[in-house]
Amino acid sequence: MPPLEARGYRPLKMTFDDQLKALVFFHLEEHVSAQHLLQVLEEDEFAREHIAPEEGIKKSSFAEAVNSRGLEQLLYVYQNLQTNAVSVLPKGHADLGDLVGIEGSLVDACLSMHWADYRKGSKKAKVHLGFDLNRGIPRKVFLSNGNGAERPFVSMILSPRQTGVTDRGYQAHDRFDQRQEEGKHFVSRIKASTKKTPLKTNEIDPDSDIFYDAIVLLGTPGVNRPQKPVRVVGYSVNNIKYWVATSRHDLTAEQIALIYKLRWDIEIFFGWWKRHLRVYHLIARSEHGLMVQILAGLITYLLLAIYCREQHNEKVSIKRVRELRIRIQNEARIANSRMTCPNPELYFKNHQISNCYAST
């Protein structure tokens, strides 16, 4: 990992190890602000001994560390954890290829965050994430000011031979051409009103939910028609019709429909991530600091994904997160009791807290 060094002659008040532990602790314990985290680091015995820097950390030093340092190191840790997670987690739907759900998520920003320019009177940043739909883990991530277009990030997130799975907001016929030229696949929902000129019609199973499968040219000539034809699959779920454009000709129409259905997993991830790891409770106001916080949240999720698979052979769940929190608290209590109680096992068994401390 690239070393984190002080910029001047004074030693770092917070090393990268300290910074990483504090940020993971922030997300794991559902702290709601930097002030909340710093209070716990100062007053909680476990956090003070195992998480905080040896001499403690002041608000100014913490803010300086988060807003100006550690980004390169966090990216290194994040990328290496991804490699670890890929080797540990099973690959679901391997027959469908490498599937990457792509979605943007808005982050409410403070009005003083001038770089976050969503619209007049509203400050928001946007996280652009590629999500491994085969393993249920985050992959490439980018941060923007919230007002920019989402479509250019698709090519930045996708690698050749991967299949990007996107919603209607990413529909752009020229981008479909670009991805095919780059050797990157797509399964993208399109608007029902999109003009489709069929070149070849594929056979449809009358007993399936598929009602359309054809090779078409999208759009209107001279207006928004791409150069390359695409495959369009239409299917119905609960009386709602879905139209999906794709460059995948090696799969059945039913498999294309399944791939688009899997896109919902990234929505579930964002909801869980924000709710249970408090990722969007701001502890920084700079673009650098917010990216540090986002990466720390993704690192925490990857650690949990690896932990839940190796220890319980399960996906990440709030039950296991709570279980882990309680385990940490219990281990801290046992460690502390060894310093104050001659028989900690009996102490915890009988819950005789006052008698134990009185006897010492």
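Buried residues make up 47% of the 360 residues in this chain, where buried means under 20% relative accessible area, exposed over 50% and partly exposed in between, with a 1.4 Å probe and protein chains only. Before I go on, a word on the source: this is a predicted model, local features need pLDDT of at least 70, side-chain atom pairs count only at pLDDT 80 or more, and totals for chains, interfaces and linings use all residues. Residues are numbered from 1 along each chain as its sequence is written, and side-chain values use heavy atoms, leaving out hydrogens and water.

Now the overall picture, friends. The chain has 13 helices and 9 strands; these are DSSP runs, helices being H or I with at least four residues and strands E with at least two, numbered from the N terminus. Its C-alpha trace spans about 85 × 50 × 35 Å along the principal axes. If we take contacts, meaning heavy atoms within 4.5 Å, between residues at least 6 apart in sequence, 57% of them join residues at least 24 apart.

Let's zoom in on one residue, Pro53. Where does Pro53 sit? You'll find Pro53 in the loop between α3 (45-50) and α4 (59-68). Why does Pro53 count as buried? Because its relative accessibility is 4%. And what does Pro53 touch, leaving aside neighbours within four places in sequence? Its contacts there are Lys13, Met14 and Asp18. One more distance for your notes: Lys21 is 32 residues from Pro53 along the chain, and their C-alpha atoms are separated by 9.7 Å.
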